[in-house]
Amino acid sequence: MASEVLSGSLVEVLRTPAPEVIVLPTTKEVDIQAFKILAQTVIDKPRAVLTLATGGTPLGLYALMAEAHKSHVLDFSGVTTKNLDEYWPLPKDHPQSYSRFMKDNLFNKINIPACQRHIPDSSAEDPLKETARYQSTLQSIGSSDLTILGIGPEMTCHIAFNERGSSLGSRVRLVDVSEETIKANARFFGGDQTEVPRRAITQGVADILESKRIILLAKGKSKALGIKRTLEGEISEDAPASFLRLHPKVTFILDEEAGSLLTRD
Ligand code: F6R
């Protein structure tokens, strides 16, 4: 399957420029670099559509966005957002729901109207209906101007909840959260793995690749192996983030540790 995907996209690989990779000395510089790209996107297009991630990695970027709003440097009132993913099932206001995460870390600090913010409903009764609803929401909004991604730890190479085995053509769907991700995310649930929801609703790889521009941020040693696999290994379902190399405008913004295993010229 992986080789079929690869041969199917080989022509595109040859046509697609190599991804831009920026390695910066500190995590703060990663945040600033990401902020510059995001700010330029919103300045150029006040009604920009952004796809957003949760997790520890984008927190510095979100803090800079909040600061820019507070100091009247940026106006987010025309922006529309589509989040990448959400646990299921979980009460919407659970401290670890992604909906709550986005409010606490970004939405309550900037001025995007609630009706322009989109995220799957973690408390939906029927998750399959919810995936269909979210897919149709994404379609009606259209492609994103900028997508912010993190990457799963170690060799998971997941983007959103597209774990190993996710196909290039995958779309919004209900997925099982992998054991490795449950382990990694338990830190947000008081270290208790049994508290981490076993399923999630996620945008698929194909949904992510529809974005006009993508930036993937990675910080710390735990991302180094996955970044090397993603950028230097085979493009395959074994490392969903490797599919980003098929995108014509993707930038990997890494701190020194995350980029430490890359082969440098
Ligand atoms: C969450 C998401 C995930 C995270 C990834 C890294 O919306 O898309 O794929 O980006 O699990 O998480 P952190 O940033 O906590 O290392």
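**Backbone and ligand site**

Author: Proline 89 is located in the loop between β4 (85-88) and α4 (98-105); helices (H or I, at least four residues) and strands (E, at least two) are DSSP runs, numbered from the N terminus. This is a predicted model, in which local features need pLDDT of at least 70, side-chain atom pairs count only at pLDDT 80 or more, and totals for chains, interfaces and linings use all residues. Residues are numbered from 1 along each chain as its sequence is written, and side-chain values use heavy atoms, with hydrogens and water left out.

Reader: Is the peptide bond from tryptophan 88 to proline 89 cis or trans?
Author: That bond is cis, with omega near -10 degrees.

Reader: What about phi at histidine 72?
Author: Histidine 72 is not a glycine, yet its phi is positive, at about 60 degrees. The residue belongs to the loop between α3 (59-70) and β3 (80-83).

Reader: And is histidine 72 buried or exposed?
Author: Histidine 72 counts as exposed, at 72% relative accessibility. Buried means under 20% relative accessible area, exposed over 50%, and partly exposed in between (1.4 Å probe, protein chains only).

Reader: Where is cysteine 157, and what is its phi?
Author: Cysteine 157 lies in the loop between β6 (146-149) and β7 (173-176). Its phi is positive, about 50 degrees, although cysteine 157 is not a glycine. At 0% relative accessibility, cysteine 157 counts as buried.

Reader: Turning to the ligand, which residues come nearest?
Author: Of the 14 residues around the ligand, those that come nearest are Gly56, Thr57, Asp85, His158 and Lys223. A residue is near a molecule if one of its heavy atoms lies within 4 Å of it.

Reader: How is that shell divided by residue type?
Author: The shell has five nonpolar, six polar and three charged residues. Here Ala, Val, Leu, Ile, Met, Phe, Trp, Tyr, Cys and Pro count as nonpolar, Asp, Glu, Lys and Arg as charged, and the others, Gly among them, as polar.

Reader: Which polar side-chain atoms lie by ligand oxygens?
Author: A polar side-chain atom of histidine 158 lies 2.7 Å from a ligand oxygen, and one of arginine 187 lies 2.9 Å from an oxygen of the ligand. For aspartate 85, a side-chain N or O atom is 2.7 Å from a ligand oxygen.

Reader: How much of the ligand does the protein cover?
Author: The protein covers 92% of the 410 Å² of accessible area that the ligand has on its own, by the Shrake-Rupley method with a 1.4 Å probe.

Note on methods: A polar contact is a pair of N or O atoms within 3.5 Å; within protein, one must be able to donate a hydrogen and the other to accept it, and residues adjacent in sequence count only if both atoms are side-chain atoms.
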